[in-house]
Amino acid sequence: MDYLINIDNGGTLTDVCVAGEEGIFYTKTLTTPTDLSECFFNGIKQAAEEVTGSNDPAPLLQKTDIIRYSSTQGTNALVERKGPAIGILTDDKDFRDQIRFDETTSELFDELVGDRVSVIDATEDATALDSVVVQAVNTLTTAGAERLVVAASDQAKEKEVKRIFLRRFPRHLLGSVPVLFSWEFAADSLLSRRLWSAILNSFLHPTLERFLYSAEHRLRAQKVKNPLLIYRNDGASSRVAKSVALKTYSSGPRGGLEGTRALAEAYGIPHVLMIDVGGTTTDVGAVEDLRIATDRRGRVSGVPISFELSDVQSKGVGGSSIFRVVDGQIKVGPDSVGAAPGPACFGFGGQEATITDVNLLMGILDPETYLNGAMRLDPERAKQVIEKNIAEPLGVSLDEALLELEKAHATKIAEAFADQVRPDGSTTLAAFGGGGPMSACLAARAAGVKQVLVPRLASVFSAYGISFSDIGQNFEADVTGLDEAAVEEIRKDFLDRAERYMYQEGYALEDCTLTWSLIVENADGSEGARHSADQGLPDAGRLGEGQRTFLELDARHALPHPELNTTLPTGGEKAVAESTRTVLGTNGQRTDVPVVVLEDQAPNAAGVGPAIIEGPFFTARVPEDWEFVVSDTGDLLLNDRA
């Protein structure tokens, strides 16, 4: 196996993980929001230096089998509302009531679409409909629509409208406006989900397209032999040309979940909650009995869509979340200083207090070793903003302010996952991301979790998780009420489409794994039952009110994955401390605590808190009454003895 490069682009930092026969290499670089291709290649250069000793990326790239990439670009574009003006053409005069059903959907619709809507009468004869469609399109483009969504209530009628589009507005013309036809995009009979899916995809598409094709072209200039693969939120990967913008949304957290599932399997843990604490958000997901929790019809920023999404909740608290005093109380996030200007201690002009500043002043972070020494932190700048913005408004000392800030941050993270903790004590918290290991134990204790697992690759764990993906595509159709002959025609169509898709990815269909399923979907879009399609169609008479049956084909081609072989550590070896560090404890006293370098520990090395554990690109805090032990693969397990 040659090298596998996995890149997870976050709002503050971009993580790179390279797997090869010699082992796993990893690095981090600051995200460059104005040009993501810059941090993309900065990360590859830094990874090349780790692997080959030179920051020339060419030798590494020429020996690379696969590059998988995940980006927050779509998430950020939606949060910041940076995208094209969308226009809608529909024949359903009541569609607004269906898709603007609460404050979230109403606000998003008004900002993305607004008044750029044309409602047509699709029952007109062919000649009249032709004229109506042309007039509607001209009205929408005059109103400023840059991309159009066509959503007819009936699939056959939408095909009629498409024929008019292709005849009247041929796509080869320079002035043609991109159009997305909702029934082609999603096999979902519910208009609200189908239309929202099309709107969001149209909004995200151009931003992602520009960056991803730019990155792919730069890779080709480096003579990279295989195409860039885009990691999706369904856990599979595909070429840029075969990727759908909407399926890149929240793909990074899915990588974290795949890595968490690998850990759960390796250690035999039945219930694992992941917290991926980044710069801006904490992503929370669950792996139960080795299954990743998913929603058949997911939600994007609270908006229902037609595609399955991992059940990941993103909470507005992270390493760069801003602390403020509001009405005498500490407020954490959701706004963030991001990578620019970043926390005050970065020295880039930040004027707001963050948990990174707090951990520096508490002594948990060493100003000389942050990001493995790649960045020096400035304690004086951190002290100035915390005294000015927090301590003085609260009327407390600096140390008292630090303890209150730490408690508020840990409580906020705990709130993100507390409702998913099992009452029987069998839940393990897997903490990763740059900020996860620092806050995990305090957050776990606040939520009633007794065990924390910090992977050795915690700082780049979502990037590592991406490496477990395969080439994949999913096809589904509503077969409610259809007879066996009609379903067989759909099967043949799926096989034809899967064969074309895999051929374009570079693989033969006979070399792929095909999984056929029949899914009973409840009226609210949730999955009622799933079984193999070999068992035949379910009796339509046994379907409940509002239930429908879907035929699904999942086509996968296996890609190389890293192997994770480990066992639960038993302890017995005493952890060796490299030095001590003066840390502000929860009792308000500053004391010297041991600093343990994770990479230097033997398997089964153990110790008790208070302690600081320095991992590669992360720092873990072990509070009082917690014990820790190192596994044979360098992962860290912590147990609360209180």
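Tutor: Please keep in mind that this is a predicted model.

Student: What makes strand 5 and strand 7 a pair?

Tutor: Two strands count as paired if at least two bridges are found between them. Strand 5 (residues 86–90) and strand 7 (residues 147–151) have 5 bridges in the parallel sense, so they meet that criterion. Within this pairing, Ile88 stands opposite Val149 in strand 7.

Student: Which other helix packs on the sheet?

Tutor: Helix 6 (residues 126–142) touches strand 5, strand 6 and strand 7, and its direction makes about 160° with that of strand 5.

Student: What is the strand order of this open sheet, and how are its strands paired?

Tutor: The open sheet has 4 strands in the order 6-5-7-8, with parallel pairing. Strand 6 (117–119) and strand 8 (179–181) each have a single partner strand and stand at the edges, so one side of each is left without a neighbour in the sheet. Neighbouring strands are turned by 15° against each other on average, with direction ignored.

Student: Why is Gln473 called buried?

Tutor: The term is used for a relative accessible area under 20%. Gln473 has a value of 13%, and it is therefore classed as buried. This residue lies in strand 23 (residues 471–478). Leaving aside its neighbours within four places in sequence, Gln473 is in contact with residues including Arg232, Lys242, Lys247, Tyr501 and Asp554.

Student: How do you know that strand 34 is mostly covered?

Tutor: Of the 5 residues in strand 34 (residues 636–640), 4 are buried, and each of those 4 therefore falls under the 20% limit of relative accessible area.

Student: Which strands are joined to strand 34 by bridges?

Tutor: Strand 22 (residues 451–454) is joined to strand 34 by 4 bridges, and the two run antiparallel; here Leu453 stands opposite Leu637 in strand 34. Strand 33 (residues 626–630) is also antiparallel to strand 34, with 5 bridges joining them, and Trp626 stands opposite Asp640 in strand 34.

Student: What do strand 33 and strand 34 form, and how many residues are between them?

Tutor: Strand 33 and strand 34 form a hairpin with 5 residues between them, and Gly634 in the turn has a positive phi of about 85°.

Student: Which residues touch the most other members of the largest nonpolar core?

Tutor: In this core of 97 residues, those that touch the most other members are Phe323, Ile386, Phe417, Val452, Phe628, Leu636 and Leu638. Helix 13 (residues 398–417) gives the most to the core, with 10 residues. Turning to Phe628, and leaving aside its neighbours within four places in sequence, its contacts include Ala575, Val596, Ile613, Leu636, Leu637 and Leu638. A second, separate core of 59 residues includes Ile99, Phe185, Leu191 and Ile199.

Student: Where are the two domains, and how far apart do their C-alpha centres lie?

Tutor: The chain is divided into domain 1 (83–207) and domain 2 (470–557), and the C-alpha centres of domain 1 and domain 2 lie 27 Å apart.

How values were computed
Residues numbered from 1 in each chain as written. Predicted model: local features only at pLDDT ≥ 70, side-chain atom pairs only at ≥ 80, totals over all residues. Heavy atoms only, no water. Core = buried A, V, L, I, M, F, W, Y, C linked by side-chain atoms within 4.5 Å. Buried < 20%, exposed > 50% of the residue type's maximum accessible area, 1.4 Å probe, protein only. Contact = heavy atoms within 4.5 Å. Domains from an automatic or database assignment. Axes fitted to C-alpha atoms, helices over the stretch in contact; angles between N-to-C directions.
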